[in-house]
Amino acid sequence: MEHDAKQPGTEHGIHLPAPTSSPFVCAFGVTLIFTGIVTIWSVSIIGFIVALAGAIRWWREGLPDNIHQLVPFQEDRVTIEPRPGAVAHLMIPGGTHRARIPVEIHPYGAGAIGGLVGGIAMAVIALIYGLIAEGSPWYTVNILAATVLPSLGQEDPAQLAQWHTWGFILGIIIHVSMSIMIGLLYGVVLPMIAKGRILFGAFFVPLLWSGLAWGSLRVVNPVLNDHVDWTWFIISQIVFGAICGFIVTRSERIGTMQNWSTLERLGIESPGVPSIGGDEE
Amino acid sequence: MTTLPQPGHADGQGAFRAPFLSRMHEWIATADHKKLGVMYVTTGLIFFLIGGLEATMMRWQLAVPGNTILSPEDFNRLFTMHGTTMVFLVGMPILLGVANYFVPLQIGARDLAFPRLNAFGFWLFLFGGLLLYFSYFGAQGLYGMGSAPDVGWFAYAPLTERTYSRGHSTDYWILGLLVSSFGSIATGINLITTILTMRCRGMTLMKMPLLVWLMLIDAILIMIAMPPLAAAQVMLLFDRLMGAHFFDPQGGGSAVLWQNLFWFFGHPEVYILILPAFAYVSEIIPVFCRKVIFGYPLMVAATVSIGFISLGVWVHHMFALGLSPMVNTIFMGSTFLIAIPTGIKMFNWVGTMFGGKIRFDTPMLFSTGFLAMFLIGGLTGVMLATVPFDWQVSDSYFVVGHFHYVLFGGLVFSIFAAIYYWFPKVTGKMLSEKLGKCQFWLLFIGFNLTFGPMHVSGMLGMPRRIYTYHADRGWELWNMLSSIGVLIQIAGVLFFAWNVFRSLRSGKDAGADPWDAWTLEWSTTSPPPEYNFEEEPVVHSRRPLWDLKHPEDPDWKYE
């Protein structure tokens, strides 16, 4: 920022619109006009006269030229001093100190794979629970499908332990899509956690999610809520979180494209264009 | 050009202390955007106390079942006046006041484009508010019927028709808001013209501070949303006073027409109120995280999108009306859609905080509180946008809890953030950090204790607007908690009042730039002179003061 030449005025001050009570008078008159509607009509008449007087005075102040006042310059002035070196710079690979952080992230593929593997482990735990609790691997599959198939939620445990084709298909779709989505979220969020990523992925997120599910399912679908064993639910969530988090954090980090040129981002390689990643050829 | 001597300056060297009447005249006759801004905000805060008192009385009544402190009629008047006051006489003046004060300063201008129209707008707003409150005396005294309006802040037809609302209480509601809304429209015109035509050299649209961008969109929304309300109010006045039947179903009119017209104003109004909240935190968070705002172009795009989409969601207030499934589905979709730009903003604020060197001074504390509370309000908003869920909780305390998380947790928290941030610029004095932090925690705890349990009582079936309830409904605990929360909030507001009073009397001098900030208002004295800048600023980036303070590493190289 710099300062331009002085604005219209003099060496001693600036011309600004002069104070005037016309807007006040005019607004008061307008209000009286409306007040008369709910009181006595004569109030409206008075309001009209007051508003007109204010408006005429206002016009006269503005025509042919606005009335101004000369405001003298204040003695206090602000000087902004340069402060070189007052700010510590981030040490970022690539020689720049300006970047959006994180500058390196885990590839999205790692999140998707982590979600899928975690989802398989979670499914194994759920199937084991189904076998132990109801003697059937389909019990937990059907409970999951019941979140979108209300008719399944109405069935008793014995019926839920049986094979349902639509329950199986929907259960698989829900489980796989949710696992991949949560895995992708792990891939995006974990690089942003400064410390304790495994703890965050394996315990914090699963417990938070379990708490939300526990709190909302009893309101959203109380019948289904009765079929869920929350201890096993939490164990399966923690297993998912631990495996997904482990796979994501073990993956090799890649730089974001924030400092790449448009040509680099488009993947164009030709003489004179820096190669992908910024190394000059 | 005619030039008058400046009052209050004896010799051009400095001001002497003018007599009380002269000082009163100085404020009444002022056309200075800063004085008008202060008057807007002060008036808004006074109405905030009045609206808060009304809420306290309602919570006192509802604290225990079967209470008889208030009559049903008084309770109806209180919730009507509380809602009307908070929306029209607190939110609107404060947002217009802050814009009045800081938009010209941030764009390097000397005043708004039409200074006298600005004064006219303020006085219309104030007289409109006074006319509304005069109903407590006028409607009763002259006709012996009714008192303050009692038809809810949305004044649904046909309850507002003469058959059901005798006397003049509803007329006062119409006329008070009509006068007030003319003032808002005048200020909207002023803001748009100022922002589009009076920016200093170098300040292209994409170099404007986010506050200016958000107030531009806000003013456009005011211009679009306010006239339909004014038109509907005039039509209602015709119904009541001249025998028309616009909203009278028995006379061939349509009560649904009122709902459409009112909410075509009413939902954009929510965004008119919340966009300035976004503006304040968008200014505060970067300064207290020592980082530029994350994703400025996307923040601008999200603002424009919110402004656009907010004009097409009003029917979600009418899901329980019995409209066709197609209409409900379309408006459910558009309401979901608005969560996207709003979500972008939330992520960008968090992105700005991420990796920053955060200073949790009071403005930042309130901004962080805003993020958390507005997130909850936004999420319950998404729940309410789902038609089947809305049918279950429509007109229940769940809705009351939801919109208080948006408008109190969102708007009021951000207003306090803005006051703590800009008070030093306006007065030249710092507010006490210690008292500010006490206020924040009291307000934060009290707010959550008041409005959190409302979601539960709403889910348990408690309808809004009831003046009492039986003891066998399971609502006792939640209502008692809500009422206790109000007491804690009152303590927080008292801390604020004491803080302002003490700081004005003996606060620490602020200096020009107490927060080491980057926008133009911090390059002039605190408080700024009447002419704002002795010389017109020229800017090269979105952070002109950063460029001046760090010439070795200016922003314009990277924008």
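How many Å apart do the C-alpha centres of domain 1 and domain 2 of chain A lie? Before you click around, keep in mind that this is a predicted model.

**Stop 1: chain A.** Select residues 14-70 for domain 1, then 105-255 for domain 2. The C-alpha centres of these two domains of chain A lie 69 Å apart.

**Stop 2: the α4–α5 loop of chain B.** Hop over to chain B and find α4 (115-143) and α5 (169-197), then zoom in on the loop between them, where B:P158 lies. Show the backbone here: the peptide bond from B:A157 to B:P158 is cis, with omega near 0°. Now pick B:A155, which is in the loop between α4 and α5 too. B:A155 is not a glycine, yet has a positive phi of about 50°. Both features are worth a look because most peptide bonds are trans and most residues other than glycine have a negative phi. Is B:A155 buried or exposed? B:A155 counts as buried because 23 C-beta neighbours fall inside 10 Å, and the cut-off for buried is 20 or more.

**Stop 3: the α13–α14 loop.** Next, select B:R465, found in chain B between α13 (433-459) and α14. Here is another non-glycine residue with a positive phi, near 70° for B:R465. With 13 C-beta neighbours inside 10 Å, B:R465 counts as partly exposed.

Notes. Residues are numbered from 1 along each chain as its sequence is written. Chains are lettered from A and ligands numbered from 1 in the order in which they are written. This is a predicted model: local features need pLDDT of at least 70, side-chain atom pairs count only at pLDDT 80 or more; totals for chains, interfaces and linings use all residues. Domain bounds come from an automatic or database domain assignment. Helices (H or I, at least four residues) and strands (E, at least two) are DSSP runs, numbered from the N terminus. A residue is buried if 20 or more other C-beta atoms lie within 10 Å of its own, exposed if 12 or fewer, and partly exposed in between; C-beta atoms are placed from the backbone.
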